[in-house]
Amino acid sequence: MSATMSRGSPLRIQLERVYRYLGRLARQPKASGSQAEQPSQLIEKSGLFDPVFYALAYPDVRLSELSPLEHFIQHGLMAGRHPSIQFDPDLYAASNPDIGGVRKALLHYVLCGRLEGRIPGPAPFAADALATIVAEVRASGMYDEAVYRGSHPAIDASEMDPLVHYLVSGYRDFVEPSNACSTRTYLGRYVDVRMAGINPLVHWLRHGRQEGRKIDLDPLIRFPWSEDDRGYHLPDDVVSYEISEGEAYFGRMGFDFADRDTAKGLTHAADFMANQRPLLDLSADAPDVTIIIPVYGQAHFALSCLDSLVWQRSKFTAEIIIADDASPAKSETELLGRIPWVRYERRDENGGFLDCCNWAVEKARGKFVVLLNSDTRVVEGWLDELINGFALFPKAGMVGSKLLNDDGSLQEAGGIFWRDGSAHNYGRGGDSNKPEFCFARQADFISGASIALRKSVWDELSGFDPYYRPAYCEDADLAFRLRRAGYEVWFVPFSRVIHYEGVTHGRDTTKGVKAYQVENLKKFGKRFQAELVFHPEPGSSSVAAASWRMKRHLLVIDAQAPAPDQDSGSVVTDEVMRTYRELGFSEHFFANHHPYWSEPYVTALQRKGVCCHYVPFASHIGMLLESGCTFDYALLYRYYVADMVHDEIRARSPATRILFANVDLHYLRESRAATTASDKQALLAAALTKKRELEMFARVDASFVHTEVEKNIIQAAMPRPLENIVVLPWLAELSDGDKPYAKRTDVMFLGNFPHTPNVDSIRFFMESIWPRLERSLPPYARLLVVGNKPPQEVMSLSTNRVIVTGYVEELAPYFATTRVFVAPLRYGAGIKGKLVTALAHGVPSVATRIAAEGIGAEGCAHLAVADDPDQFADEVLRIYGDESAWTALRDAGLEFVRANYSRQAASQLCVEAMRLADETWARRQEYMCRSSLEKIMSSNGEYDGVSGQRQGLSN
């Protein structure tokens, strides 16, 4: 309570007198002029009462003999009605919980709040525009009273005209005015509208459409929200949307967040929920997932949880079990049994959370079991992210969600157990968007508010151990027992849950069920003492402790996040990173040229267990190195990226060994392109690239190249050969299609078109090779030109037989119809991933010598090689028309990939690169140490630098 409203203060006494006076006044049939004078003057002077608005908003006023002001004083004020557009008593009371409720909102503001600097909240639009706006909204066709009433049961209690209610109040509860639009998405997309607090539909009708703003027609669309106009997204922006949805649901149903035990209006809310149609497929007899929601009272929170599940989309079929642990009759949880799309199961007697979960899991039909607290709301993608964790991490026995508080702060990103047996909710109270909380990792435990297990694994371990009855530590115990059985426990960051912590058992650990938390921690510590001795000491860095199982750390830096579906270089980067994770490394990634979080490529890394660093937490490599992260190795991609970060890593993290992967020799590609184009200026630029590129090979501790050709070129350019270059061939998985020769009819070209050699290549092919092929191939044979971002000059090549696809999500369907693959590159450098990919898909290929560099040569068994356009066309026609030749090339190509590009070979080479880096770093350190000592001793007159003898010191 503020100082001006302290007990006994003049303002408080005045306010209480007014309330008592108005109470007596409301009980009288009609107030006389003298009786109404004091409150009417008070309200009129405030400027917050609008008789026109009040009469329009409340139909009963127009039927009354009282004036609008008299009606408001006698009825509206005590009922918490809106006096005008400028003042929303519900919003003011919610923002100022100390005032005593909505009935006291207006007078509190007039007598106290205004003087204290309290803000009544923004008006949804100008006060004099209501009648005009009502007409505009009705004419727009975007308001449907039946839909609005059905989704906002609290309207009837407000006694306000439904359309006026939406315009001045309902929009704050994020209720859609109809099924014809999504104003929630409009608020998500346009931060300025949301921050201004104005009605989104009114804004769009009056301003937004003229400004070219978009209002979506699908009310199911979700849009990530950021709480400020920062201009970029962060991983958990979408959470703000669901937090607002939770507040809105309570507002629509007339529930009170502060009332943790009972709620009014449950019958209506349960009936409303019964009529909902969830987006989840709940029809399967043998579903993929059983979602179990244990309840003990708090039916209004359970309904809110179900409300969030209504909007959850998933590729998995599911069933939902409400497991009622014999709640008290007054809590009315049996009303949940009215909802036809859930299985309501009630126990005969209360046994506590642990027994209730074990009992409910016995009834589950799903392959996976998800335990979800009733005092939660799930965020979009929650279920898919949770269950996908088992595919990403095959040893996972338990997968758990990120838990957030209802103010958006982090509640838990997995749990930590310290060596002394005490527990810590990792990240508690922090910013959930920080990189350390946004990547998948193994956790000591996951709080049971949202966890998933295979049903078979749950049965194998007999579920929660009754040793911890009635509740607390059963989830941690299960996690530790899973590890004893050979499983892993994984935290997945994009399965997000808002947890209204303490609803079920409160937060006081000295009484009630919560008291078992302290006792059960002691039991837990005794049971797992042998494991806990290896855990971090209390007080050590929680960031380090969260990943204590990972003993080695690798920092990967590239220009941007790898996009394996966009370019072949990213495929290898992705595979190399995977290899190091499988070798036990904790991986960190920084996109030096675009240090922002984004979907889908940064999230793809985070899902796999890579900690990605981004703005605002790390906008450059210096910020990252200052954050306290330490790295055993840094893997730098591309010379122009390495140039920008190498020296800073050496200076700030001198013990970090640096590896360099250049993807291809840029200067070689540039010089070949310049020669092809007869461009002397470009040749000079290539010479500058050569210097920078070769210098980087000489500076780092070890390097990767993809072909022996590149290695030999580098070694020839050095004063003496380097001993720390590793040839890491392309990595490819065999994807042999099952379509036979006769069912394949197409010729295929593949290229990432922002890479200019690919544009030159297809133009050369179309001008010099395709005309002959088009005449000679069967009329049903097509040329598939597949690749990301084709420019207009490539798009213009399209005909009824030349199909320019642009970006495609999956290459396999295109390879499946292809009989011959072509790679007619005229310039470039390094291994050509597209060619390896074609061979790995079992497609015989024809390539120029540049394209075949490092893969094959003329006369090899697995690849046809030709530079001359006529010879190239001859080879395509020969393979296309001869099934035996096609089969021989296909089989030889698959065997070549199997022998040269396997993951096992790559793993050995990655280990070899680390060994060479360690040796090189140690040798150079020894040299620098000796050089430094020689310099010091020489300056002291103790070393002559030639004979190595001690010099005599003169007096």
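Is Ser462 buried or exposed? I looked this up in a predicted model. Ser462 has 57% relative accessibility, so I count Ser462 as exposed.

**Entry: two serines**

I checked the backbone of Ser462 next. Its phi is near 60 degrees, a positive value in a residue other than glycine. Ser462 sits in the loop between helix 20 (455-460) and helix 21 (474-484).

Then I turned to Ser678. Phi of Ser678 is near 55 degrees, again positive in a non-glycine residue. I found Ser678 in the loop between helix 29 (666-677) and helix 30 (680-699). Ser678 counts as exposed because its relative accessibility is 65%, and exposed means over 50%.

**Entry: two cis bonds**

I noted a cis peptide bond from Glu599 to Pro600, with omega near 5 degrees. Pro600 is in the loop between strand 14 (585-591) and helix 26 (601-608). Val615 and Pro616 are also joined by a cis peptide bond, with omega about 5 degrees. Pro616 belongs to the loop between strand 15 (610-613) and helix 27 (621-626).

**Entry: a helix pair**

I looked at helix 16 (residues 266-274) and helix 17 (residues 299-310). They pack at an angle of about 20 degrees, and their axes are 11 Å apart. The two helices are therefore roughly parallel to each other. Their crossing is left-handed. In the contact of helix 16 with helix 17 I listed 8 nonpolar residues, 1 polar and 1 charged.

**Entry: the cores**

Which residues touch the most other members of the largest nonpolar core? Tyr580 and Phe704 do, out of 64 residues. Helix 40 (residues 903-939) gives this core its largest share, 6 residues. Apart from this core I found another, of 57 residues, including Met253 and Val399.

Definitions and conventions. Residues numbered from 1 in each chain as written. Predicted model: local features only at pLDDT ≥ 70, side-chain atom pairs only at ≥ 80, totals over all residues. Heavy atoms only, no water. Axes fitted to C-alpha atoms, helices over the stretch in contact; angles between N-to-C directions. Helix = DSSP H or I, 4+ residues; strand = E, 2+ residues; numbered from the N terminus. Parallel < 35°, antiparallel > 145°, perpendicular 65-115°, else oblique. Left-handed = near helix turned anticlockwise from the far one by under 90°. Nonpolar A, V, L, I, M, F, W, Y, C, P; charged D, E, K, R; others polar. Core = buried A, V, L, I, M, F, W, Y, C linked by side-chain atoms within 4.5 Å. Buried < 20%, exposed > 50% of the residue type's maximum accessible area, 1.4 Å probe, protein only.
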